[in-house]
Amino acid sequence: MRWNEMSYSGWGRALQATGEVARPERSKAVEAAAPVPAIGNRRSYGDACTNNGGRAVEMSRLDRVLSFNAETGLVEAEAGMPIGELARLFAPLGWMPAVMPGTGFATVGGCIAMDVHGKNHHVDGSFGAHVTAIRLVTNGRPKTITPKNKALFTATLGGLGQTGIILSATLQMKRCDGRGMEVTEQRAENWEEHIALLASSNAPYTVGWLDATAKGSKLGRGIVEEAITTAVEPQSSPAGASKSVPFNFPRITLSKAIVRGFNKAYYLRIRDGGQTRIKPLEEFFFPLDGIHNWNRLYGKQGFHQFQCVVPDDSLDALKAMVEKIAGSGLASPLAVLKRMGPDASGIMSFPMQGYTLAVDFRESPKARKLIAELNEDTLKAGGRIYFAKDSLATEEQAKAMYPDWRKWAAEANKADPSKALETDLTRRLGLRSE
Ligand SMILES: Cc1cc2nc3c(=O)[nH]c(=O)nc-3n(C[C@H](O)[C@H](O)[C@H](O)COP(=O)(O)OP(=O)(O)OC[C@H]3O[C@@H](n4cnc5c(N)ncnc54)[C@H](O)[C@@H]3O)c2cc1C
């Protein structure tokens, strides 16, 4: 197998790594390379998918469907299969992955390792709840694990790739009516209305876009989207990745005034009383995937995403965080508010019953200071931050937010005694230091 020395990063591009990366095409080659950290399509924002100074195997060429049962919706796919590709292949047959994150480029392996959540977390839980088996190279050999192997299985779901390299997985997909989504959008004029709309939504898919620049009586305003699948064919075809950001944009692109103007126009695009449209599923689930390299909009230095979840009874603390963000003038137009259902199944999974907030910030000393404060606010509110997005949390914060980390570390250290699977994130946060 060829190992190429390269510089690479997560999606946020603020933290860079250099090391040897191989792109195997077959499971046997992965087994021969193990143990090394596996990476997917590097849609994690920070350093979860980098191994500075060491090796990594990129799994994107292992992207085959191994089996599919049209009666039950069970599909076995290789770990490098992008989740959006599974949706594209199977939605016309009446099945789609039960949980999909906001990008279709996330691979099956990456979705398991982060136990990702979608716009339906309040109804369907996280990705791991729909995984029936995982083929894993662990402790030197390939092995199939199921929920019956409770300790290793729950350490692997949301396990940051630390229990082994995922070769393939069997997923229980969910019935859908076709490749169309009936999407209803309505304005929420302020924080209280926004939360009330999210809390009362009975739709299977619900998400809020937040104008993180709005202050005062408009604080927390946004657009709540609710959706169901539909057999009605969408008029427009999915954009695919037809557009591309060709170079790093200059700082001015996301200046305070431009972001405020953009957000206002985006908010006002929704008619009074709301509007309903049929969209291709890609447009609803993966709204940014149509623009290749959109992360270059933040310029050469890259950006960070802050994402936290706080329990239902900490909504005041979350509102105070939104106030702090709006007051800072540092937010970009990308800000999302979502309701989450009960805790997830993995020991280190992110979701918990409550509300999650995600906001992008261009990299700068001021942004780092703000995120450090928000991380602390999250901890005080009894919440946690999401490792898929993090690049700035401290070891103390991470361990306090994930109190079961020792139990998980013991399992990971059993599966990988030489700690050869460690990534920059697990080293930075000392998560394997049990
Ligand atoms: C635009 C955008 C929207 C997003 N929206 C959401 C969202 O709504 N919900 C959500 O939960 N997340 C969301 N994410 C985050 C994303 O879904 C996760 O970071 C996901 O893990 C990325 O998958 P990947 O294949 O790119 O994995 P990578 O980023 O390459 O790796 C992520 C982790 O998985 C491990 N890993 C990857 N493949 C394997 C494997 N085969 N075996 C073992 N370990 C492996 C890596 O070691 C690393 O720890 C979003 C990201 C973007 C860019």
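The structure is a predicted model, in which local features need pLDDT of at least 70 and side-chain atom pairs count only at pLDDT 80 or more, while totals for chains, interfaces and linings use all residues. Residues are numbered from 1 along each chain as its sequence is written, and side-chain values use heavy atoms, with hydrogens and water left out.

A pair of aromatic rings is described by the distance of the centres and the angle of the planes. Rings of Phe, Tyr and Trp (its six-membered ring) pair if their centres lie within 6.5 Å; planes under 30 degrees apart count as stacked, over 60 as edge-to-face and the rest as tilted. By this definition, the structure holds 12 aromatic pairs. One of them joins Trp-294 and Phe-303, a tilted pair with 5.9 Å from centre to centre and 50° between the planes. Phe-303 also pairs with Tyr-298: the ring centres are 4.1 Å apart and the planes meet at 15°, so this pair is stacked. Trp-294, Tyr-298 and Phe-303 belong to one aromatic cluster together with Trp-11 and Tyr-45.

How accessible are these rings? Residues are called buried under 20% relative accessible area, exposed over 50% and partly exposed in between (1.4 Å probe, protein chains only). Trp-294 is buried, with a relative accessible area of 7%, and Phe-303 is buried at 1%. Tyr-298 counts as buried too, at 3%.

Some rings have a charge over the face, which requires NZ of Lys or CZ of Arg within 6 Å of the ring centre and within 35 degrees of the ring normal. Arg-55 lies over the face of Trp-3, 4.0 Å from the ring centre, and Lys-119 lies over the face of Phe-284 at 5.4 Å.

Next come the helices. Helices (H or I, at least four residues) and strands (E, at least two) are DSSP runs, numbered from the N terminus. Axes are lines fitted to C-alpha atoms, for helices over the stretch in contact, and angles run from 0 to 180 degrees between N-to-C directions. Angles under 35 degrees count as roughly parallel, over 145 as roughly antiparallel, 65 to 115 as roughly perpendicular and the rest as oblique. The axes of H6 (residues 191–200) and H9 (residues 315–328) come within 12 Å and cross at roughly 130°, and the two helices are therefore oblique to each other. H9 and H10 (residues 365–380) pack at about 170°, with their axes 11 Å apart; that makes H9 roughly antiparallel to H10. Contact means heavy atoms within 4.5 Å, and here it involves residues including Met-321 and Ile-325 of H9 and Leu-370 and Leu-374 of H10.

Two loop residues complete the picture. Gly-102, in the loop between strand E7 (95–96) and helix H3 (108–113), counts as partly exposed at 44% relative accessibility. Not counting residues up to four places away in sequence, Gly-102 touches Lys-119, Phe-285, Phe-286, Pro-287 and Asp-289. His-130 lies in the loop between helix H4 (121–124) and strand E8 (131–138) and is buried, with a relative accessible area of 18%.
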